[in-house]
Amino acid sequence: MRITADTGRCLGAGQCVLSAPDRFDQSTEGTVLVLTPSVEGEAEEARLRETIALCPSQAIALEA
Amino acid sequence: MTDTTRAASDDRRPPAYPQARGCPFQPPSGYDRYREEGPVSAVELYDGRRVWAVSGHAEARQVLLDAATFSSDRVHRDYPATAPRFESARKVKNFIGMDPPEHTVQRRMLLSTFTVKKVQALRPGIQRLVDELVDAIEAKGPVADLVPDFALPVPSIVICELLGVPYADHTFFEQQSRRVVTGSTTLEDSADAFAQLSSYLDELIRRKEREPGDGLLDTLIAEQLAVGALSRRELVDIALLLLVAGHETTASAIALGVLTLLKHPDQLAALRDNPDLLPTAVEELLRYMAIADGVARFATTDTELGGQRIKAGDGVVVVISTANRDEAAFPAAGSFDVARGARHHISFGHGVHQCIGQNLARAELEIALSTLLRRLPGLRLAVPETELPVKEAGGVQGVWKLPVTW
(Lines give C-alpha, C1' and ligand atoms only; values in the text may rest on other atoms or scores of the structure.)
Protein backbone atom coordinates (compact mmCIF):
# COMPACT_ATOMS: atom_id res chain seq x y z
CA MET A 1 0.00 0.00 0.00
CA ARG A 2 0.98 3.60 -0.57
CA ILE A 3 -0.11 6.83 1.10
CA THR A 4 -1.52 9.35 -1.36
CA ALA A 5 -2.20 13.02 -0.63
CA ASP A 6 -4.29 15.56 -2.52
CA THR A 7 -2.90 19.02 -1.84
CA GLY A 8 -5.85 20.47 -3.76
CA ARG A 9 -8.21 19.18 -1.06
CA CYS A 10 -5.92 19.79 1.93
CA LEU A 11 -6.99 22.66 4.18
CA GLY A 12 -4.08 22.64 6.57
CA ALA A 13 -5.64 21.41 9.82
CA GLY A 14 -2.45 19.48 10.52
CA GLN A 15 -4.19 16.46 12.04
CA CYS A 16 -1.98 14.10 10.00
CA VAL A 17 1.19 15.73 11.31
CA LEU A 18 0.00 15.44 14.92
CA SER A 19 -1.24 11.89 14.48
CA ALA A 20 1.65 10.42 12.43
CA PRO A 21 4.57 12.87 12.43
CA ASP A 22 6.85 10.17 11.01
CA ARG A 23 4.68 10.04 7.88
CA PHE A 24 3.40 13.56 7.30
CA ASP A 25 4.61 17.13 7.31
CA GLN A 26 3.34 20.44 5.93
CA SER A 27 4.85 22.57 3.18
CA THR A 28 5.61 26.24 3.79
CA GLU A 29 2.28 26.96 2.03
CA GLY A 30 0.61 24.86 4.74
CA THR A 31 -0.55 21.83 2.75
CA VAL A 32 0.23 18.16 3.33
CA LEU A 33 3.56 16.52 2.50
CA VAL A 34 3.97 12.73 2.62
CA LEU A 35 7.40 11.87 4.02
CA THR A 36 7.45 8.11 3.38
CA PRO A 37 4.57 6.80 1.24
CA SER A 38 5.27 3.06 1.34
CA VAL A 39 3.17 1.15 3.92
CA GLU A 40 3.88 -2.41 5.01
CA GLY A 41 2.19 -4.53 7.66
CA GLU A 42 -1.36 -4.66 9.02
CA ALA A 43 -0.58 -2.75 12.21
CA GLU A 44 0.92 0.17 10.28
CA GLU A 45 -1.99 0.12 7.85
CA ALA A 46 -4.47 0.22 10.75
CA ARG A 47 -2.60 3.11 12.38
CA LEU A 48 -2.67 5.09 9.14
CA ARG A 49 -6.37 4.38 8.62
CA GLU A 50 -6.99 6.11 11.95
CA THR A 51 -4.92 9.07 10.81
CA ILE A 52 -6.85 9.19 7.52
CA ALA A 53 -10.16 9.24 9.42
CA LEU A 54 -8.94 12.28 11.38
CA CYS A 55 -8.25 14.34 8.24
CA PRO A 56 -11.10 16.87 8.06
CA SER A 57 -10.72 17.53 4.35
CA GLN A 58 -10.34 13.89 3.21
CA ALA A 59 -7.09 14.79 1.53
CA ILE A 60 -5.11 11.63 2.37
CA ALA A 61 -5.74 7.99 1.45
CA LEU A 62 -4.20 4.53 1.22
CA GLU A 63 -4.02 3.01 -2.23
CA ALA A 64 -2.88 -0.41 -3.42
CA MET B 1 -39.25 21.97 9.41
CA THR B 2 -38.78 25.56 8.36
CA ASP B 3 -42.28 26.42 9.50
CA THR B 4 -41.91 28.90 12.34
CA THR B 5 -45.53 28.73 13.47
CA ARG B 6 -46.66 26.31 16.10
CA ALA B 7 -50.04 25.60 17.65
CA ALA B 8 -50.13 26.50 21.34
CA SER B 9 -51.87 23.23 22.08
CA ASP B 10 -49.05 21.21 20.52
CA ASP B 11 -48.05 18.77 23.25
CA ARG B 12 -45.46 17.15 20.99
CA ARG B 13 -43.34 20.26 21.10
CA PRO B 14 -39.68 19.28 20.67
CA PRO B 15 -37.07 20.19 23.28
CA ALA B 16 -35.28 23.52 23.01
CA TYR B 17 -31.83 24.08 21.52
CA PRO B 18 -29.58 25.45 22.93
CA GLN B 19 -29.97 24.90 26.66
CA ALA B 20 -27.91 26.26 29.56
CA ARG B 21 -25.41 24.04 31.32
CA GLY B 22 -25.76 23.37 35.03
CA CYS B 23 -22.22 22.13 35.55
CA PRO B 24 -20.08 24.18 33.14
CA PHE B 25 -18.13 21.17 31.83
CA GLN B 26 -21.12 18.88 31.34
CA PRO B 27 -23.66 19.02 28.49
CA PRO B 28 -27.05 20.34 29.66
CA SER B 29 -29.12 17.52 31.18
CA GLY B 30 -31.91 18.50 28.80
CA TYR B 31 -29.82 17.21 25.88
CA ASP B 32 -30.32 13.64 27.15
CA ARG B 33 -33.72 13.79 25.52
CA TYR B 34 -32.18 14.31 22.08
CA ARG B 35 -30.20 11.12 22.42
CA GLU B 36 -33.21 9.19 23.72
CA GLU B 37 -34.94 10.02 20.44
CA GLY B 38 -32.01 8.86 18.33
CA PRO B 39 -28.89 10.34 16.73
CA VAL B 40 -30.96 12.90 14.78
CA SER B 41 -34.01 14.46 16.46
CA ALA B 42 -36.23 17.53 16.21
CA VAL B 43 -35.49 20.59 18.39
CA GLU B 44 -36.90 24.08 18.60
CA LEU B 45 -34.81 27.26 18.36
CA TYR B 46 -35.37 30.49 20.29
CA ASP B 47 -37.40 31.96 17.42
CA GLY B 48 -39.71 28.96 17.25
CA ARG B 49 -38.07 27.43 14.19
CA ARG B 50 -37.79 23.64 14.24
CA VAL B 51 -34.50 22.14 13.14
CA TRP B 52 -32.67 18.81 13.42
CA ALA B 53 -30.29 18.23 16.31
CA VAL B 54 -27.51 15.80 15.37
CA SER B 55 -26.24 14.22 18.58
CA GLY B 56 -24.66 11.02 17.23
CA HIS B 57 -20.93 11.16 16.54
CA ALA B 58 -21.07 9.28 13.21
CA GLU B 59 -23.99 11.39 11.99
CA ALA B 60 -22.24 14.59 13.11
CA ARG B 61 -19.17 13.62 11.08
CA GLN B 62 -21.40 12.82 8.11
CA VAL B 63 -22.93 16.32 8.22
CA LEU B 64 -19.63 18.14 8.73
CA LEU B 65 -17.83 16.19 5.98
CA ASP B 66 -20.53 16.88 3.39
CA ALA B 67 -20.39 20.63 2.78
CA ALA B 68 -22.34 20.26 -0.50
CA THR B 69 -25.42 18.79 1.23
CA PHE B 70 -25.06 20.69 4.51
CA SER B 71 -24.29 24.33 3.79
CA SER B 72 -22.55 26.86 6.07
CA ASP B 73 -23.76 29.86 4.03
CA ARG B 74 -24.76 32.26 6.80
CA VAL B 75 -26.22 34.78 4.40
CA HIS B 76 -28.79 32.27 3.12
CA ARG B 77 -32.21 32.58 4.75
CA ASP B 78 -32.31 28.84 5.47
CA TYR B 79 -29.17 29.03 7.64
CA PRO B 80 -30.55 28.67 11.17
CA ALA B 81 -29.76 31.30 13.78
CA THR B 82 -29.37 29.36 17.05
CA ALA B 83 -29.20 32.64 19.00
CA PRO B 84 -30.09 36.25 18.11
CA ARG B 85 -26.43 37.14 17.61
CA PHE B 86 -26.30 34.82 14.57
CA GLU B 87 -28.78 37.10 12.81
CA SER B 88 -26.20 39.90 13.12
CA ALA B 89 -23.42 37.53 12.08
CA ARG B 90 -25.12 37.09 8.69
CA LYS B 91 -23.71 40.47 7.68
CA VAL B 92 -20.14 39.51 8.57
CA LYS B 93 -19.04 37.55 5.54
CA ASN B 94 -15.94 35.43 5.93
CA PHE B 95 -14.92 31.82 5.28
CA ILE B 96 -16.57 30.36 8.41
CA GLY B 97 -19.93 31.28 6.87
CA MET B 98 -19.18 30.31 3.26
CA ASP B 99 -19.19 27.08 1.26
CA PRO B 100 -16.47 25.84 -1.08
CA PRO B 101 -15.13 27.03 -3.46
CA GLU B 102 -15.59 30.59 -2.09
CA HIS B 103 -14.60 29.38 1.39
CA THR B 104 -11.50 27.61 0.18
CA VAL B 105 -10.01 30.67 -1.53
CA GLN B 106 -10.03 32.63 1.75
CA ARG B 107 -8.89 29.74 3.93
CA ARG B 108 -5.89 29.05 1.69
CA MET B 109 -4.66 32.59 2.26
CA LEU B 110 -4.18 31.72 5.94
CA LEU B 111 -2.81 28.17 5.90
CA SER B 112 0.88 29.00 5.98
CA THR B 113 0.46 30.97 9.22
CA PHE B 114 -1.14 28.12 11.16
CA THR B 115 1.04 25.10 10.31
CA VAL B 116 2.20 22.78 13.08
CA LYS B 117 5.79 24.05 12.57
CA LYS B 118 4.81 27.73 12.74
CA VAL B 119 2.88 27.10 15.97
CA GLN B 120 5.85 25.14 17.34
CA ALA B 121 8.01 28.21 16.76
CA LEU B 122 5.58 30.33 18.80
CA ARG B 123 5.86 28.07 21.87
CA PRO B 124 8.88 29.72 23.55
CA GLY B 125 7.18 33.11 23.35
CA ILE B 126 3.92 31.69 24.74
CA GLN B 127 5.90 30.05 27.57
CA ARG B 128 7.56 33.38 28.47
CA LEU B 129 4.20 35.13 28.46
CA VAL B 130 2.58 32.47 30.64
CA ASP B 131 5.49 32.59 33.10
CA GLU B 132 5.18 36.38 33.39
CA LEU B 133 1.45 36.10 34.10
CA VAL B 134 2.05 33.48 36.81
CA ASP B 135 4.82 35.73 38.26
CA ALA B 136 2.24 38.53 38.53
CA ILE B 137 -0.35 36.21 40.12
CA GLU B 138 2.20 35.05 42.70
CA ALA B 139 3.37 38.61 43.41
CA LYS B 140 -0.19 39.80 43.98
CA GLY B 141 -0.99 36.81 46.18
CA PRO B 142 -4.28 34.96 46.60
CA VAL B 143 -7.15 35.26 45.75
CA ALA B 144 -6.71 35.50 41.94
CA ASP B 145 -9.52 35.46 39.41
CA LEU B 146 -7.95 33.29 36.73
CA VAL B 147 -10.22 34.61 33.95
CA PRO B 148 -8.89 38.21 33.76
CA ASP B 149 -5.50 37.41 35.36
CA PHE B 150 -4.55 34.43 33.23
CA ALA B 151 -7.02 32.68 30.89
CA LEU B 152 -7.94 35.80 28.89
CA PRO B 153 -4.57 37.58 28.52
CA VAL B 154 -2.73 34.46 27.27
CA PRO B 155 -4.66 33.98 23.98
CA SER B 156 -5.41 37.70 23.70
CA ILE B 157 -1.73 38.69 23.69
CA VAL B 158 -0.82 35.76 21.43
CA ILE B 159 -3.44 36.61 18.78
CA CYS B 160 -2.52 40.31 18.91
CA GLU B 161 1.11 39.51 18.15
CA LEU B 162 0.17 37.04 15.45
CA LEU B 163 -2.24 39.39 13.67
CA GLY B 164 -0.43 42.63 14.36
CA VAL B 165 -3.22 44.12 16.48
CA PRO B 166 -1.99 46.45 19.28
CA TYR B 167 -2.60 44.76 22.65
CA ALA B 168 -3.03 48.25 24.10
CA ASP B 169 -6.54 48.08 22.61
CA HIS B 170 -7.38 44.83 24.40
CA THR B 171 -10.01 46.18 26.79
CA PHE B 172 -12.02 47.46 23.82
CA PHE B 173 -11.85 44.37 21.63
CA GLU B 174 -12.23 41.91 24.51
CA GLN B 175 -15.43 43.64 25.64
CA GLN B 176 -16.86 43.80 22.13
CA SER B 177 -15.84 40.20 21.39
CA ARG B 178 -17.55 39.08 24.56
CA ARG B 179 -20.79 40.65 23.35
CA VAL B 180 -20.37 38.83 20.04
CA VAL B 181 -19.89 35.36 21.53
CA THR B 182 -22.27 35.47 24.50
CA GLY B 183 -25.47 33.47 24.13
CA SER B 184 -27.71 36.03 25.82
CA THR B 185 -26.59 38.98 23.65
CA THR B 186 -29.57 40.59 21.93
CA LEU B 187 -29.82 41.22 18.21
CA GLU B 188 -29.25 44.97 18.66
CA ASP B 189 -26.36 44.44 21.05
CA SER B 190 -24.55 41.96 18.82
CA ALA B 191 -25.09 44.16 15.74
CA ASP B 192 -23.56 47.08 17.62
CA ALA B 193 -20.60 44.96 18.78
CA PHE B 194 -19.97 43.71 15.23
CA ALA B 195 -20.16 47.29 13.92
CA GLN B 196 -17.71 48.57 16.52
CA LEU B 197 -15.23 45.77 15.86
CA SER B 198 -15.55 46.27 12.09
CA SER B 199 -14.89 49.99 12.24
CA TYR B 200 -11.96 49.46 14.63
CA LEU B 201 -10.39 46.87 12.29
CA ASP B 202 -11.10 48.97 9.20
CA GLU B 203 -9.26 51.87 10.78
CA LEU B 204 -6.40 49.59 11.90
CA ILE B 205 -6.02 48.19 8.38
CA ARG B 206 -5.94 51.72 6.90
CA ARG B 207 -3.24 52.68 9.39
CA LYS B 208 -1.26 49.56 8.53
CA GLU B 209 -1.41 50.42 4.84
CA ARG B 210 0.46 53.62 5.68
CA GLU B 211 2.73 52.08 8.31
CA PRO B 212 3.14 48.34 7.67
CA GLY B 213 4.03 46.01 10.54
CA ASP B 214 4.91 42.33 10.54
CA GLY B 215 1.66 40.61 11.54
CA LEU B 216 -0.67 38.38 9.54
CA LEU B 217 -2.91 41.36 8.77
CA ASP B 218 0.09 43.15 7.26
CA THR B 219 0.84 40.09 5.11
CA LEU B 220 -2.78 39.94 3.95
CA ILE B 221 -2.70 43.66 3.13
CA ALA B 222 0.46 43.26 1.05
CA GLU B 223 -0.34 39.94 -0.63
CA GLN B 224 -4.14 40.02 -1.02
CA LEU B 225 -5.64 43.47 -0.51
CA ALA B 226 -2.98 45.30 -2.54
CA VAL B 227 -3.48 43.03 -5.57
CA GLY B 228 -7.26 42.99 -5.34
CA ALA B 229 -7.57 39.35 -4.24
CA LEU B 230 -9.46 40.58 -1.16
CA SER B 231 -11.63 43.66 -0.84
CA ARG B 232 -11.19 45.89 2.19
CA ARG B 233 -14.53 44.68 3.55
CA GLU B 234 -13.51 41.03 3.12
CA LEU B 235 -10.23 41.63 4.91
CA VAL B 236 -12.02 43.39 7.78
CA ASP B 237 -14.44 40.45 8.12
CA ILE B 238 -11.60 37.91 8.12
CA ALA B 239 -9.67 39.97 10.69
CA LEU B 240 -12.78 40.10 12.86
CA LEU B 241 -13.15 36.32 12.82
CA LEU B 242 -9.47 35.71 13.60
CA LEU B 243 -9.41 38.25 16.43
CA VAL B 244 -12.63 37.11 18.12
CA ALA B 245 -12.21 33.36 17.61
CA GLY B 246 -8.52 33.67 18.42
CA HIS B 247 -8.99 34.70 22.01
CA GLU B 248 -12.50 34.16 23.42
CA THR B 249 -12.68 30.43 22.77
CA THR B 250 -9.20 29.64 24.06
CA ALA B 251 -9.72 31.88 27.10
CA SER B 252 -12.86 29.93 27.94
CA ALA B 253 -11.07 26.63 27.41
CA ILE B 254 -8.13 27.55 29.68
CA ALA B 255 -10.36 28.61 32.58
CA LEU B 256 -12.74 25.70 32.17
CA GLY B 257 -9.78 23.36 31.73
CA VAL B 258 -8.40 24.42 35.13
CA LEU B 259 -11.81 23.89 36.72
CA THR B 260 -12.32 20.49 35.07
CA LEU B 261 -8.93 19.28 36.31
CA LEU B 262 -9.55 20.61 39.84
CA LYS B 263 -12.90 18.77 39.93
CA HIS B 264 -11.20 15.49 38.89
CA PRO B 265 -8.38 15.21 41.47
CA ASP B 266 -7.39 11.67 40.48
CA GLN B 267 -6.91 12.78 36.86
CA LEU B 268 -5.08 15.92 37.97
CA ALA B 269 -2.74 13.74 40.06
CA ALA B 270 -2.18 11.39 37.11
CA LEU B 271 -1.21 14.36 34.93
CA ARG B 272 1.08 15.81 37.61
CA ASP B 273 2.77 12.40 38.04
CA ASN B 274 3.27 11.99 34.33
CA PRO B 275 3.71 15.27 32.41
CA ASP B 276 4.06 13.22 29.19
CA LEU B 277 0.27 12.87 29.35
CA LEU B 278 -0.13 16.59 28.65
CA PRO B 279 -1.10 16.33 24.94
CA THR B 280 -3.65 13.56 25.57
CA ALA B 281 -4.96 15.41 28.64
CA VAL B 282 -5.55 18.51 26.54
CA GLU B 283 -7.25 16.42 23.84
CA GLU B 284 -9.50 14.87 26.48
CA LEU B 285 -10.32 18.29 27.93
CA LEU B 286 -11.28 19.48 24.45
CA ARG B 287 -13.58 16.47 23.99
CA TYR B 288 -15.09 16.62 27.44
CA MET B 289 -15.66 20.39 27.76
CA ALA B 290 -16.88 21.04 24.18
CA ILE B 291 -16.88 24.79 24.72
CA ALA B 292 -18.40 25.33 21.27
CA ASP B 293 -21.62 23.58 22.20
CA GLY B 294 -22.90 23.20 18.65
CA VAL B 295 -22.62 24.39 15.07
CA ALA B 296 -25.33 25.02 12.46
CA ARG B 297 -25.86 24.01 8.83
CA PHE B 298 -28.83 23.77 6.47
CA ALA B 299 -29.68 21.07 3.95
CA THR B 300 -29.32 22.11 0.32
CA THR B 301 -31.20 19.06 -0.95
CA ASP B 302 -33.50 16.28 0.33
CA THR B 303 -31.42 13.68 2.09
CA GLU B 304 -31.44 11.05 4.83
CA LEU B 305 -29.52 11.26 8.06
CA GLY B 306 -29.56 8.90 11.03
CA GLY B 307 -32.89 7.42 9.91
CA GLN B 308 -34.59 10.81 9.48
CA ARG B 309 -35.70 12.30 6.19
CA ILE B 310 -34.23 15.77 5.90
CA LYS B 311 -35.79 18.18 3.41
CA ALA B 312 -33.99 20.83 1.40
CA GLY B 313 -34.01 24.00 3.49
CA ASP B 314 -34.16 22.21 6.84
CA GLY B 315 -31.88 23.59 9.53
CA VAL B 316 -29.41 21.23 11.19
CA VAL B 317 -27.50 21.75 14.43
CA VAL B 318 -24.54 19.49 15.14
CA VAL B 319 -24.56 19.17 18.93
CA ILE B 320 -20.84 18.91 19.59
CA SER B 321 -21.16 18.45 23.35
CA THR B 322 -23.43 15.42 22.86
CA ALA B 323 -21.60 13.88 19.88
CA ASN B 324 -18.41 13.99 21.97
CA ARG B 325 -20.17 11.87 24.61
CA ASP B 326 -21.46 9.24 22.15
CA GLU B 327 -20.66 5.82 23.67
CA ALA B 328 -20.33 4.29 20.20
CA ALA B 329 -17.36 6.55 19.49
CA PHE B 330 -15.93 6.98 23.01
CA PRO B 331 -16.31 4.04 25.43
CA ALA B 332 -17.17 5.30 28.94
CA ALA B 333 -17.78 8.64 27.23
CA GLY B 334 -18.99 10.30 30.45
CA SER B 335 -15.65 9.65 32.19
CA PHE B 336 -12.92 12.26 32.07
CA ASP B 337 -9.75 10.27 31.41
CA VAL B 338 -6.50 12.16 30.74
CA ALA B 339 -4.93 8.98 29.32
CA ARG B 340 -7.78 8.24 26.89
CA GLY B 341 -5.76 9.24 23.83
CA ALA B 342 -8.79 9.74 21.57
CA ARG B 343 -8.36 12.40 18.93
CA HIS B 344 -11.61 12.02 16.96
CA HIS B 345 -13.73 14.41 19.05
CA ILE B 346 -15.35 17.20 17.04
CA SER B 347 -14.64 20.12 19.40
CA PHE B 348 -12.84 21.90 16.57
CA GLY B 349 -15.53 20.75 14.14
CA HIS B 350 -14.76 18.44 11.23
CA GLY B 351 -14.74 18.80 7.46
CA VAL B 352 -13.52 21.83 5.55
CA HIS B 353 -14.45 24.24 8.35
CA GLN B 354 -12.44 22.49 11.06
CA CYS B 355 -10.80 25.20 13.19
CA ILE B 356 -7.81 26.75 11.43
CA GLY B 357 -6.30 27.84 14.77
CA GLN B 358 -6.63 24.47 16.50
CA ASN B 359 -2.91 23.82 16.83
CA LEU B 360 -2.32 27.27 18.27
CA ALA B 361 -5.15 26.60 20.75
CA ARG B 362 -3.58 23.26 21.69
CA ALA B 363 -0.20 24.92 22.29
CA GLU B 364 -1.75 27.65 24.43
CA LEU B 365 -3.74 25.15 26.48
CA GLU B 366 -0.77 22.83 26.99
CA ILE B 367 1.57 25.62 28.10
CA ALA B 368 -0.99 27.50 30.21
CA LEU B 369 -2.28 24.44 32.08
CA SER B 370 1.06 22.70 32.65
CA THR B 371 2.77 25.89 33.84
CA LEU B 372 -0.03 26.81 36.22
CA LEU B 373 -0.16 23.32 37.75
CA ARG B 374 3.61 23.13 38.12
CA ARG B 375 4.10 26.56 39.64
CA LEU B 376 1.03 26.62 41.90
CA PRO B 377 0.91 23.05 43.26
CA GLY B 378 -1.66 23.95 45.92
CA LEU B 379 -4.08 25.44 43.36
CA ARG B 380 -7.73 25.16 44.44
CA LEU B 381 -11.03 26.98 44.09
CA ALA B 382 -11.50 29.95 46.42
CA VAL B 383 -15.31 29.73 46.25
CA PRO B 384 -17.73 26.78 46.15
CA GLU B 385 -18.17 25.48 42.61
CA THR B 386 -21.88 26.32 42.74
CA GLU B 387 -21.02 30.03 43.05
CA LEU B 388 -19.13 30.13 39.75
CA PRO B 389 -21.07 32.11 37.13
CA VAL B 390 -21.67 29.75 34.20
CA LYS B 391 -21.81 31.18 30.66
CA GLU B 392 -25.21 31.39 29.00
CA ALA B 393 -26.74 28.95 26.53
CA GLY B 394 -26.07 29.63 22.86
CA GLY B 395 -22.59 31.07 23.22
CA VAL B 396 -19.06 29.92 23.94
CA GLN B 397 -19.30 27.79 27.09
CA GLY B 398 -17.31 28.23 30.29
CA VAL B 399 -17.25 30.35 33.43
CA TRP B 400 -17.17 34.13 33.72
CA LYS B 401 -15.03 34.04 36.86
CA LEU B 402 -12.64 31.54 38.40
CA PRO B 403 -11.43 32.70 41.84
CA VAL B 404 -8.58 30.47 43.04
CA THR B 405 -6.14 30.28 45.89
CA TRP B 406 -2.96 28.17 46.37
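Which residues in H8(B) meet which residues in H11(B)? This is a predicted model, in which local features need pLDDT of at least 70, side-chain atom pairs count only at pLDDT 80 or more, and totals for chains, interfaces and linings use all residues. Residues are numbered from 1 along each chain as its sequence is written, and chains are lettered from A and ligands numbered from 1 in the order in which they are written.

From H8(B), Phe173(B), Ser177(B), Arg178(B), Val180(B) and Val181(B) meet Leu243(B), Val244(B), His247(B) and Glu248(B) of H11(B). Contact here requires C-beta atoms, placed from the backbone, within 7 Å. Helices (H or I, at least four residues) and strands (E, at least two) are DSSP runs, numbered from the N terminus. Helix H8 covers residues 170–181 of chain B and helix H11 residues 232–262, and they pack at about 85° with axes 10 Å apart. Axes are lines fitted to C-alpha atoms, for helices over the stretch in contact, and angles run from 0 to 180 degrees between N-to-C directions.

Next come the strands. Chain B has an open sheet of 3 strands in the order S4-S10-S9, with antiparallel pairing; two strands pair if DSSP finds at least two bridges between them. The edge strands, S4 (144–145) and S9 (380–381), each pair on one side only. Between S4(B) and S10(B) (residues 403–405) there are 2 bridges, and Asp145(B) has Pro403(B) as its bridge partner.

Finally, Ser72(B) lies in the loop between strand S3 (70–71) and helix H3 (85–89) of chain B. Ser72(B) is buried because 23 other C-beta atoms lie within 10 Å (buried means 20 or more, exposed 12 or fewer, partly exposed in between, with C-beta atoms placed from the backbone). Its C-alpha atom is 8.8 Å from that of His353(B), 281 residues apart along the chain.

Terms used: Two residues are in contact if their C-beta atoms, placed from the backbone, lie within 7 Å.
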